[in-house]
Amino acid sequence: MLDSLIDAVSGSPWTYLIVLLASGGDVIFPPVPSETIVITAGVVAARGGLSVWLLIPAAATGAMLGDNLVYWLGRGLGDPVARRLFRGEQARERLEWAERAIARHGTVLVVVGRFIPGGRTASTFGAGTLAMPWRRFLLADVAAAVLWATYATLLGYLGGATFRGSTWKPLALSLGLAAVISLGVEVWRRIERRRGRDVLGDPLR
């Protein structure tokens with residue numbers, strides 16, 4: 001399976017477009033494995049097939065385009081779109097949490113939400129439904145997208161550089177570390193929420 005993924009994310013110039021589309025598409029359709037694709041592209045870059053300095057902007061640009069689309073969907077359509085994007089009880093609870101957190105912490109939640117499983121869609125959509133000023137949202141989203149794109153690309157690149165003679169080791173290591181980091185952020189969020197601590201920063205004003 002890992003070999004197939006490496007082959008799919010090849011050294012072709014089209015890969016940059018794939019990275020851009022995947023990075024933007026998963027905010028609307030979460031099953032799109034954007035982080036896996038970006039990490040895999042980073043592994044390929046470590047072998048000389050792609051440029052890290054093109055991958056990071058491609059991933060960041062795609063992420064920002066997707067986030068802004070969802071922001072405007074939330075701001076312009078609200079509940080009708082929410083019913084489609086957040087169908088399950090857990091998804092709805094995540095959106096409600098994001099809206100409460102944005103009301104209290106504003107732009108910080110847009111950045112933090114990108115690293116919480118399922119938090120990206122909820123935080124960007126919630127920013128729209130609460131009518132966060134677009135310029136403020138955009139500044140936070142640029143920071144979030146660049147941080148995420150750099151983190152995911154370099155995670156794959158460093159794994160690929162460490163295990164140059166193997167196909168599955170760098171990808172398995174990089175994806176495993178990404179999963180551990182995401183899980184750690186989510187566990188931290190849940191613990192702090194149960195303790196009732198205010199941990200996310202400046203209020204939205």
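**Figure 1. The largest nonpolar core.** In this predicted model, the largest nonpolar core holds 25 residues, and within this core Val-19, Leu-50, Leu-55 and Trp-148 touch the most other members. The elements that contribute two or more residues to this core are α2 (14-25), α3 (34-46), α4 (52-76) and α9 (134-162). Of the elements, α4 gives the most to this core, with eight residues. Another core lies apart from the largest one and is made of 21 residues, including Val-70, Ala-82, Phe-125 and Phe-137.

**Figure 2. Surroundings of Trp-148 and Ser-34.** When neighbours within four places in sequence are left aside, Trp-148 is in contact with Ser-23, Ser-34, Glu-35, Val-38, Ala-59, Ala-63, Arg-114 and Phe-115. One of these partners, Ser-34, lies in helix α3 and, with a relative accessibility of 4%, counts as buried. Seen from Ser-34, and again not counting residues up to four places away in sequence, the residues touched are Ala-22, Ser-23, Asp-26 and Trp-148.

**Figure 3. Helix α3 and the residue that follows.** Eleven of the 13 residues of α3 are buried, so this helix is largely enclosed by the rest of the structure. The buried residues of α3 are Ser-34, Ile-37, Val-38, Ile-39, Thr-40, Ala-41, Gly-42, Val-43, Val-44, Ala-45 and Ala-46. Because an α-helix has 3.6 residues a turn, residues three or four places apart point the same way. After α3 comes Gly-48, which has a positive phi, near 90°.

**Figure 4. The aromatic pair of Trp-72 and Trp-134.** The count of aromatic pairs comes to four. In one of them, Trp-72 and Trp-134 form a tilted pair, with 6.5 Å centre to centre and 35° between the planes. Since Trp-72 lies in helix α4 and Trp-134 in helix α9, the pair ties together parts that are 62 residues apart in sequence. Trp-72, at 43% relative accessibility, counts as partly exposed, and Trp-134 is also partly exposed, with a relative accessible area of 33%. Trp-72 and Trp-134 belong, together with Tyr-71 and Phe-137, to one aromatic cluster, and Phe-137 is also among the 21 residues of the core that lies apart from the largest one.

**Figure 5. The aromatic pair of Phe-115 and Tyr-151.** A pair of aromatic rings is described by the distance of the centres and the angle of the planes. For Phe-115 and Tyr-151 the arrangement is edge-to-face, with the centres 5.8 Å apart and an angle of 70° between the planes. Phe-115 lies in the loop between α7 (107-113) and α8 (119-129), whereas Tyr-151 lies in helix α9, so the pair ties together parts that are 36 residues apart in sequence.

Figure 6. Val-108 is placed in helix α7 and, at 25% relative accessibility, counts as partly exposed. The C-alpha atoms of Val-108 and Asp-141 are separated by 9.6 Å, while the two residues stand 33 residues apart along the chain. Ala-131 is found in the loop between α8 and α9, where this residue has a positive phi of about 55° although it is not a glycine. With a relative accessibility of 40%, Ala-131 counts as partly exposed.

**Figure 7. The whole protein, as context for the close-up views.** The secondary structure comes to ten helices and zero strands, and the elements run α-α-α-α-α-α-α-α-α-α from the N terminus on. Of the 205 residues of the protein, 43% count as buried. Among the contacts with a separation of 6 or more, 81% are accounted for by residues 24 or more positions apart. The accessible surface of the protein comes to about 10500 Å², and 63% of this surface belongs to carbon and sulfur atoms.

Conventions: Residues numbered from 1 in each chain as written. Predicted model: local features only at pLDDT ≥ 70, side-chain atom pairs only at ≥ 80, totals over all residues. Heavy atoms only, no water. Core = buried A, V, L, I, M, F, W, Y, C linked by side-chain atoms within 4.5 Å. Buried < 20%, exposed > 50% of the residue type's maximum accessible area, 1.4 Å probe, protein only. Helix = DSSP H or I, 4+ residues; strand = E, 2+ residues; numbered from the N terminus. Contact = heavy atoms within 4.5 Å. Phe/Tyr/Trp six-rings, centres within 6.5 Å; stacked < 30°, edge-to-face > 60°. Areas by Shrake-Rupley, 256 points an atom, 1.4 Å probe, with all protein chains shown as cover.
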